[in-house]
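Here is a short tour of one protein model.

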Amino acid sequence: MSGLAMPKPDDATMRRRDEIVADMRIIVPGEGVVDAANSMRAFESDGLTAYRQLPLVVVLPQTVAQVSRVLKYCNDRNIRVVPRGSGTSLSGGALPLEDAVLLVMSRFNRILAIDFPNRVVVAQPGVTNLGITTAVEQEGFYYAPDPSSQIACSIGGNVAENSGGVHCLKYGLTANNVLGIEMVLMNGEVVRLGGSHLDAEGYDLLGVTTGSEGLLGVVTEVTVRILKKPETARALLIGFPTSEQGGQCVADIIGAGIIPGGMEMMDRPAIHAAEDFVHAGYPLDVEALLIVELDGPSVEVDHLITAVEAIAIRNGSTTCRISQSEQERLSFWAGRKAAFPAVGRISPDYYCMDGTIPRKELPRVLAGMRELSEKYGLGVANVFHAGDGNLHPLILYDANVPGELDKAESFGADILRLCVKVGGVLTGEHGVGVEKRDLMPEMFNQIDLDQQMRVKCAFDPNHLLNPGKVFPQLRRCAELGRMHISGGKLPFPDIPRF
């Protein structure tokens, strides 16, 4: 795996592989266990295909009881486990380990309940993001977070990565739309956090687990909020001579108190790739393209369209097209939704990054990325959720050219360092995984990382769930000062404890 440091395989586990596979077949009978190398090849990577590794064995449970038994079995025998949803993660969060059971949740694919009066849906984690909207759209409802991979990505994976999408600016990320989960801990215990109500009392454990990247437990059920489809939704397609002008327009729209349903931006390489791919009618003579969707009552939308047009003109826009039908609005979005595969047609490989910055820093960061592109001699196509400052630079390279993957990784790391430098963060929705793991010290000091590790230890004291991800250094919980009991007596017994 291209120089990526991962946990050293446990020799004892590797020697017992045949025994482990046999035991897994007892726990998950039928076709729930895959152990042949050729068959496991389909699971060797997630969406970050630069890194690949065959797992010890692939297990596809169908019931919560099976998930619980698998985890308890592995916990009792010190066997690592890597949870996986649909495998669309772009940060290597579901990258298998050589000595780990790959626990694939794709057979948990049923919607369990739809409650229109209370506007909630209860789904198993293998249901696709788009599948939830499809199940409720006949009654005029939809599920708001909509990653570009929504046709394939699972709702359980969305919880693991706290996914967003083009409409997260107004309607929030997964964390803002998930009301409750059922989760199995590494020791096999089944717990419920939250529910169909708005908020739960006590610690915000639901907030802790949403975005935890499979390090704390395995989600087996998700309760989400659904929304009524807006009365009207129209989109503007606005072109600018420079990316800096487009970025400034984004800042000015938000500064004016306008919160669009979605606001996306693409630069010239991404515009041309998307237009060649889907023929959405994008202008090809601009350096930056802004898609602004406004939704709500029709009179409000009409007023906001006029306001956004005026802001765009003040920022030097050279073209502005307003959707006149639902079909035209969807065609505007079709190019943006297909931008990633479209870029795949103009470059043998691309490395998709994910960093978030303050909106006002967009012009500065876009200029910085151009300088880095020249430094590394690699092209970059920019597609991003401009409204919330979530950048998705696509670094273009050819893996068949020696050294180009290493250059792409260094280029990406410098982009993320730039994001942190201007007051941003390492990730907006893709997660840390293995991709940004070694950059965590750029954003967090050792005290911060230790505190995060203590949360991990509270859920998974033996560090068996998804090791090698997120934390730049593998350490035992005891190294963080976990309490030791000697002779049946607590140290400092006079100190009050909760």
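Asn 390 is in contact (heavy atoms within 4.5 Å) with Asp 354, Gly 355, Thr 356, Phe 384, His 385, Gly 428 and Glu 429, leaving aside neighbours within four places in sequence. The model is predicted: local features need pLDDT of at least 70, side-chain atom pairs count only at pLDDT 80 or more, and totals for chains, interfaces and linings use all residues. Residues are numbered from 1 along each chain as its sequence is written, and side-chain values use heavy atoms, leaving out hydrogens and water.

Asn 390 is found in strand β19, residues 390–397. Strands are DSSP runs of E, at least two residues, and helices are runs of H or I, at least four, numbered from the N terminus. Asn 390 counts as buried because its relative accessibility is 3%. Buried means under 20% relative accessible area, exposed over 50%, and partly exposed in between, with a 1.4 Å probe and protein chains only.

The side chain of Asn 390 makes a polar contact of 2.8 Å with the side chain of Asp 354. It also reaches the backbone oxygen of Gly 355 at 3.3 Å. A polar contact is a pair of N or O atoms within 3.5 Å; within protein, one must be able to donate a hydrogen and the other to accept it, and residues adjacent in sequence count only if both atoms are side-chain atoms.

Now to Glu 98. This residue lies in the loop between β3 (80–84) and β4 (100–104). Glu 98 counts as partly exposed, because its relative accessibility is 37%. Among the residues Glu 98 touches are Pro 9, Met 14 and Leu 54. Glu 98 and Leu 54 are 44 residues apart in sequence, yet 6.1 Å apart in space, C-alpha to C-alpha.

Next come the helix pairs. Axes are lines fitted to C-alpha atoms over the stretch in contact, and angles run from 0 to 180 degrees between N-to-C directions.

| Helix pair | Axis distance | Angle |
|---|---|---|
| α9 (243–255) and α11 (298–314) | within 9 Å | roughly 140° |
| α14 (362–376) and α15 (404–421) | 10 Å | about 155° |

α9 is therefore oblique to α11. Cys 249, Asp 252 and Ile 253 of α9 make the contact with Val 308, Ile 311 and Ala 312 of α11. α14 and α15 are therefore roughly antiparallel to each other. Angles under 35 degrees count as roughly parallel, over 145 as roughly antiparallel, 65 to 115 as roughly perpendicular, and the rest as oblique. Residues of α14 that meet α15 include Arg 364, Leu 372 and Tyr 376.
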